[in-house]
Amino acid sequence: MKAVLINDDKSLRWDNVPDPVTGSEDVLIKVEYAALNRADLLQRQGDYPPPPGCPEWMGLEVSGEIVEMGDKAKEESGYKIGDKVCALLGGGGYAEYVCVKHDMCMPVPKNCTMAEAACIPEAFATAYLKLFVEGKAKAGDTLLVHAGASGLSSVVIPMAKQFGLRVITTVRRDPEAVSHLGADIVIDTRKDSLAELLKKEEEEGRAVDIAIDCLGGKALGECLPYVKYGCRWIVIAALAGSETTIDLKNIYKKNIRIIGSTLRSRAPEMKAQILKSIVSEIYPKVESGLIKPTLYKVFPITEAEKAHDVLLHSENNGKVVLKV
C-alpha cells in the first residue's frame, strides 16, 4: 500500500510501505479520509514520535470501511466486514489502509458524511477528555478555550454549549469567523487584552472555571490571577511559547490546578472508554444536529504538504481533511 512519508528535509511524499498485518483483535480499514491535527505537524518536525508499535507515518483519525477482521474482533466488536467506521489511531492514518484494535472504532453518525466522520475521533475524544475528565465540567461553569478557529475548538465550543457551559474563546482574526460555534464571548487578541477581559469577568462574578490552553506563553501567567477558586487550567500545547511567569502564591490561595494533558499518551483502555462515552453521550447530539464537526477544506492525500501549510499558517476555520 501507499502512505505519506517524511523525507529527510521534512518534505512529504506519497510512497510504498508494507501492508498492515491484522491481529486477532484488529480490524483493517480501507481509509477514505484522514483528518489533520497539529500533532501531525509536531511529528513531522521530529518532536512528537508515535507510540511504540504504531506506524511511523502520521495520522491520528480516519474514516473508512472495514475490509478485514481478526477472530476476536469478529466475536467481541459487533462490527462486520463492510461497516463504515471512524477510528482513533496512535498514528498511521495518512495511508490507504490502517489496522487498529476494534475498540478504537466508532460507527459513523447517521447525519455525517465520511469526510466529517474523519474529524470526529481525535477531536471529539480530546474535547471529551479535557472537558469532562480533566475539567470536571458541569452546567453553569465558564470555560475559556483558546484558538476558536482551530479544529479542536470547533468541537469543544459547541460541545460545551450543549452541556450548559458559558464559553469564552480567543481568535486572531475577525470574530465573526467563529460566530457559528456559539461562544458567548469572542475576543480578538490582536486588539484586546485577554487578561483584562478575564479581570472584568471576575469582578462581575463570572470568572473562569476551566481553561483549555493550547497557547501557553506569557499570557498564561498574566491570566491566572483572574480565574475562579478551584479553576482547572489544562495545558495541551505551547504554541505561543513554553515559558511564562506565575505568581505561586496565587496558585495555592485560589487552589488552582494546572494540568498538563495529551490524549495520545493515554492508556488504550482509557481511550476505549472515552470513545464508548462519546457514542453514548455525544452521538445523540451529533445525530440531532446540535453538535457537528466543522469541515474547513479537503485535499487529495497526495497534497498533504499543502494541507499542512493551512494548519501551519492558521488559515483554517475548523478541520482540514485528506481524501485517500
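This is a predicted model: local features need pLDDT of at least 70, side-chain atom pairs count only at pLDDT 80 or more; totals for chains, interfaces and linings use all residues.
Residues are numbered from 1 along each chain as its sequence is written, and side-chain values use heavy atoms, with hydrogens and water left out. Local features need pLDDT of at least 70 and side-chain atom pairs count only at pLDDT 80 or more, while totals for chains, interfaces and linings use all residues.

Helix 5 spans residues 153-162; helices here are DSSP runs of H or I with at least four residues, strands are E runs of at least two, and both are numbered from the N terminus. Since 8 of its 10 residues are buried, helix 5 is largely enclosed by the rest of the structure (buried means under 20% relative accessible area, with a 1.4 Å probe and protein chains only). The buried set runs from Ser-153 and Ser-154 through Val-155, Val-156, Ile-157, Pro-158 and Met-159 to Ala-160. These residues pack against helices 4 and 9 and strands 8, 9 and 11. Just past the helix, Gly-164 takes a positive phi of about 85°.

Met-159 also turns up among the residues with the most contacts inside the largest nonpolar core, which has 81 residues (such a core is a set of buried Ala, Val, Leu, Ile, Met, Phe, Trp, Tyr and Cys residues joined through side-chain atoms within 4.5 Å). Helix 4 gives this core its largest share, 8 residues.

As for helix 9, it covers residues 268-287 and holds Leu-275, which is buried at a relative accessible area of 2%. Beyond four places in sequence, Leu-275 touches (heavy atoms within 4.5 Å) residues including Leu-88, Met-104, Pro-121 and Ala-125.

Conventions:
Buried means under 20% relative accessible area, exposed over 50%, partly exposed in between (1.4 Å probe, protein chains only).
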